[in-house]
Each structure stands twice: as C-alpha cells, then as structure tokens.
Amino acid sequence: MTNPQWNAVDTYFTETIAPADEALTAALAGSAAAGLPEIAVAPNQGKLLHLLARIQGARSILEIGTLGGYSTIWLARALPTDGRLISLEYDPAHAEVARTNIARAGLDKIVEVRTGAALDSLPQLEAEGAGPFDLFFIDADKVNNPRYVEWALKLSRPGSVIVVDNVVRGGRITAPDPDDPAITGTRELFELVAAEPRLDATAVQTVGAKGYDGLLLARVIG
Ligand SMILES: C[S@@+](CC[C@H](N)C(=O)[O-])C[C@H]1O[C@@H](n2cnc3c(N)ncnc32)[C@H](O)[C@@H]1O
C-alpha cells in the first residue's frame, strides 16, 4: 500500500532535515545499476537509525541484512573513527555492491561486510568474541527475526539497543497467515520479545515512501 501524500511528506522531511549527499546518492544509484531490489530504508529512516546510534553513543554496531550498504552508511557515520560495524549479507553480489558503496563513502576502515547466511555468521562472531555490540539493526529475511533477536541478546550488553525493521508489513501482522513465513516469523518475534524479561520494547507503525510498515525498538535491560 502506498499513498502519494506519504511520498510527498517523506520527500519534504528528507529535503529539509535529512538531505542526501554524494555518497548516499551514489550508494542508491550503484545499487540500482547493479540490479539490486529497491528495498533499502528511506532516507529519513536512515537518518533515524543514524540518530539512534548517536543517542546510544554506539561504538559497535551489528547489522543483519546489508543489501547495497545504504543503511550501513547511515549507521557507520554515527560511529567514532575507532568504532566498528559488522554487516551480515547472504548474497555475495549484494555484499560486493555494498563494499564498493561503503568504500566510496570512506567507511571501509570501520565497516566489514561478511558474506553468508546470518545464522552461520552469528555463531562465528560469538566464537571470535566479537560482542558486545551497542546497537543491532535487523533487516534481513523476516522468517528468522526471532532467531536474530536471540543472537542479538547473546551478543549484547545491558543497555544495548535492538531495532527490527518491517514488523507491520502493510498491516498483515494482525492477520496470521500460515503460508507467509515473514508474518509467522514476525509474530513469533513479538511473542519472544513479550516473554523475554531482558528486553524492554515497543513498536511503531510508519507510513511513507516505503509504504505502510513499522519497526520494533528494544533495549536490553539485563
Ligand atoms: C531489506 S534488505 C536490507 C536493506 C538494508 N538494510 C538497507 O536498508 O539499506 C535485506 C537483505 O538481507 C539479505 N538476506 C536475506 N536473507 C539473509 C540471510 N539469511 N542472511 C543474511 N542476509 C540475508 C538479502 O540478500 C538482502 O540484501
């Protein structure tokens, strides 16, 4: 579901307070030229992620679902020069485009894109002692969102922030569909978060250039 007014308002917000620059514009253009799907976060959503990371004082970020690295760039720009962002991407072609976009943005010293299924990469990160991360952005295959939040908890510290994108899906979240793994995965995510005493969470609906969707925001409290 989209609405011309939502697009117009997103454009207004973006042009006034979250304007693109050369690297962000080039990241989207490079991703489109390489045939990647146009499913990156909207610019004002990227700015929201950036501000959340800054408010959190994040020095380390784990992203699950890189695509062409557009959200990665927004997030990495919130980090100090000795900060670190690891982004997990299943598709080697997406990862390659992202690495080019991230290098063009001058962020390749602090960003690492790891190729492979996130559920394979996450145990490796744990084995390496890579955590704790200050902020997690989960934006990959929605069916595995419950598993990704479980892994985020393992790789977190008290005070870590977890953001999960696309939890509304045009409102379909309230209409359980056993044939839609993204919906069943997202509903399982909410059940998991509700039952998890170490998480304090909320979720908000959003409308805009990306249609009708929403995000879940959680803080690790212990
Ligand atoms: C919605 S896109 C990410 C968009 C990106 N966060 C942005 O806003 O610029 C989802 C990405 O997750 C990747 N993905 C899907 N399944 C995955 C998995 N099992 N492990 C890691 N990445 C996966 C897809 O290949 C795709 O590039």
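**Entry 1**

The model is a predicted one, in which local features need pLDDT of at least 70 and side-chain atom pairs count only at pLDDT 80 or more, while totals for chains, interfaces and linings use all residues. Residues are numbered from 1 along each chain as its sequence is written, and side-chain values use heavy atoms, with hydrogens and water left out.

I took a pocket, on a 1 Å grid over the protein atoms alone, as an open set of points with protein on both sides within 12 Å along at least five of seven lines; a cavity is a set of points where a 1.4 Å probe fits but cannot get out, and lining residues have an atom within 4 Å of a point. Grid points are joined across faces, edges and corners, and a volume is the space filled by probe spheres set on the points.

The largest pocket holds about 690 Å³ of space. Of its 36 lining residues, I39, D139, A140, K142 and N166 are the closest to its centre. I noted α4, β2, α6 (118-128) and β7 (211-220) as the elements that give two or more residues to this lining. Strand β7 gives the most, with four residues. Helices (H or I, at least four residues) and strands (E, at least two) are DSSP runs, numbered from the N terminus.

**Entry 2. The ligand**

I looked up where the ligand sits: its space is the largest pocket. The criterion is that more than half of a molecule's atoms lie within 2 Å of the grid points. The elements that give two or more residues to the shell around the ligand are α4 (70-76) and β2 (84-89). Of the 22 residues around the ligand, V41, S71, E89, H94 and D139 come nearest; a residue counts as near if one of its heavy atoms lies within 4 Å. By class, this shell has 12 nonpolar, five polar and five charged residues.

A polar side-chain atom of D139 is 2.8 Å from a ligand nitrogen atom. A polar backbone atom of A118 lies 2.9 Å from a nitrogen atom of the ligand. For L67, a backbone N or O atom is 3.4 Å from a ligand oxygen atom.

**Entry 3. Second largest pocket**

I recorded a volume of about 230 Å³ for the second largest pocket. Of its 16 lining residues, L28, E38, I39, A40 and K210 are the closest to its centre. Helix α2 (residues 22-33) gives the most to this lining, with three residues.

**Entry 4. Cavity**

I counted one cavity of 30 Å³ or more. The largest cavity has a volume of about 60 Å³. Its lining consists of V41, Q45, L48, L49, F137, V163, D165 and L215. Both α3 (43-56) and β5 (161-165) give two or more residues to this lining, and α3 gives the most, with three.

**Entry 5. Backbone**

I found the peptide bond from G131 to P132 to be cis, with omega near -5°. P132 lies in the loop between α6 and β4 (135-138). N166 has a positive phi, near 65°, and is found in the loop between β5 and α8 (181-195).

Technical notes: Polar contact = N/O pair within 3.5 Å; in protein donor to acceptor, adjacent residues only side chain to side chain. Nonpolar A, V, L, I, M, F, W, Y, C, P; charged D, E, K, R; others polar.
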